[in-house]
Amino acid sequence: MKIDWRPTRGDMRAALVEFVLTTLFFAAVFGLVRWGIGAMAAGGSAAELRVRVVVVSMVVGLVIVGFATSRAGRFSGAHMNPAITLGLYAFGSFPGRRVVPYLVAQSAGSVAAAGITWLAWGRAATTSVVQPAAGWGGAAVFVAEAATLAVIVATMCWLTANRPAWRWPGPWIVGGLFGVQGAVLGTFTGGSANPMRQLGPALFAGQFHLLAVYLLAPIVGAMIAGWVSWRLQVRSLPALAAEPVAAHR
């Protein structure tokens with residue numbers, strides 16, 4: 001079955017909402033990083049940095065919950081992350097015709113949020129650029145970022161496929177996972193877990209170290225998790241096994 005890539009007007013409206021949500025979300029994230037981490041005194045201890053990263057990460061998790069449960073978030077899905085979009089597409093729960101509009105909306109939202117941050121704080125906005133700790137090379141960061149999104153997307157796919165009675169706190173589970181990964185990995189890999197977390201700030205700051213890794217790793221992990229989850233779903237439903245993957249999109 002051929003995939004229809006042509007978005008409808010409804011798809012474009014959803015993408016527009018996704019752009020607005022992504023812009024507001026990252027403006028909030030960059031602001032939290034600027035004042036929660038970037039404002040730390042130069043002589044601050046490693047322990048203080050760790051505490052600041054944990055606090056900011058958990059607040060970001062709560063912001064995700066707020067956006068996901070809002071009326072606008074329920075309308076667009078509040079992905080705000082191309083890895084989530086592509087992972088759910090690989091799973092078959094997100095229509096192919098919305099993929100490109102959502103990726104464009106998320107990219108534009110990241111750049112717009114970085115522009116707002118730059119206008120507000122100038123060079124101080126460079127504190128929003130994610131950088132790994134000393135000793136963390138591209139390969140290690142790639143594996144960590146890919147594994148993080150694989151876990152998150154696999155959880156989302158499981159919730160979608162099984163629809164447990166307690167599914168209502170789904171946004172809290174996903175927001176919590178993003179918060180925990182930032183708290184755990186923040187001082188090591190930078191705890192990005194979202195290609196758009198790095199794109200806008202890197203472009204405005206002119207800092208491109210490991211940019212390709214931060215852009216690609218979450219997407220790779222998410223799509224692998226989505227595809228594996230889809231295969232497991234198909235194996236549990238023999239009647240669907242002979243149908244091509246496009247039939248479920």
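Predicted model: local features only at pLDDT ≥ 70, side-chain atom pairs only at ≥ 80, totals over all residues.
Colleague: Is Ala 78 buried or exposed?

Modeller: Buried means under 20% relative accessible area. Ala 78 has a relative accessible area of 9%, so Ala 78 is buried.

Colleague: Which value does phi of Ala 78 take?

Modeller: Ala 78 is a residue other than glycine. Even so, its phi is positive. The value is near 50°.

Colleague: What is phi of Met 80, and where is Met 80 found?

Modeller: Met 80 is found in the loop between H3 and H4. At 2% relative accessibility, Met 80 counts as buried. Met 80 is not a glycine, yet its phi is positive, at about 55°.

Colleague: Which side chain of opposite charge is nearest to Glu 18?

Modeller: Glu 18 sits in helix H1, residues 9-36. Glu 18 is buried and has no salt bridge. A salt bridge needs the nitrogen and oxygen within 4 Å. The nearest side chain of opposite charge is 8.3 Å away, and it belongs to Arg 98.

Colleague: Which residue has its backbone nitrogen 3.3 Å from a polar atom of the Glu 18 side chain?

Modeller: Leaving aside neighbours within four places in sequence, Glu 18 is in contact with several residues, including Ala 78, His 79 and Met 80. The backbone nitrogen at 3.3 Å from a polar side-chain atom of Glu 18 is that of His 79.

Colleague: What is the relative accessibility of Gln 106?

Modeller: Gln 106 is in helix H5, residues 99-121. Not counting residues up to four places away in sequence, Gln 106 touches Glu 18, His 79 and Met 80, among others. Gln 106 counts as buried, because its relative accessibility is 0%.

Colleague: How many residues apart in sequence are the parts tied together by Arg 97 and Asp 11?

Modeller: Arg 97 forms a salt bridge with Asp 11, with the closest N and O atoms 2.6 Å apart. Arg 97 lies in the loop between H4 and H5 and Asp 11 in helix H1, so the pair ties together parts whose separation in sequence is 86 residues.

Colleague: Which residues are linked with Asp 11 in a network of salt bridges?

Modeller: Asp 11 is buried, with a relative accessible area of 1%. Arg 98 forms a salt bridge with Asp 11, at 2.5 Å between the closest N and O atoms. The residues linked with Asp 11 in the network are Arg 97 and Arg 98.

Key
Residues numbered from 1 in each chain as written. Heavy atoms only, no water. Helix = DSSP H or I, 4+ residues; strand = E, 2+ residues; numbered from the N terminus. Buried < 20%, exposed > 50% of the residue type's maximum accessible area, 1.4 Å probe, protein only. Lys, Arg positive; Asp, Glu negative; His and termini not counted. Polar contact = N/O pair within 3.5 Å; in protein donor to acceptor, adjacent residues only side chain to side chain. Contact = heavy atoms within 4.5 Å.
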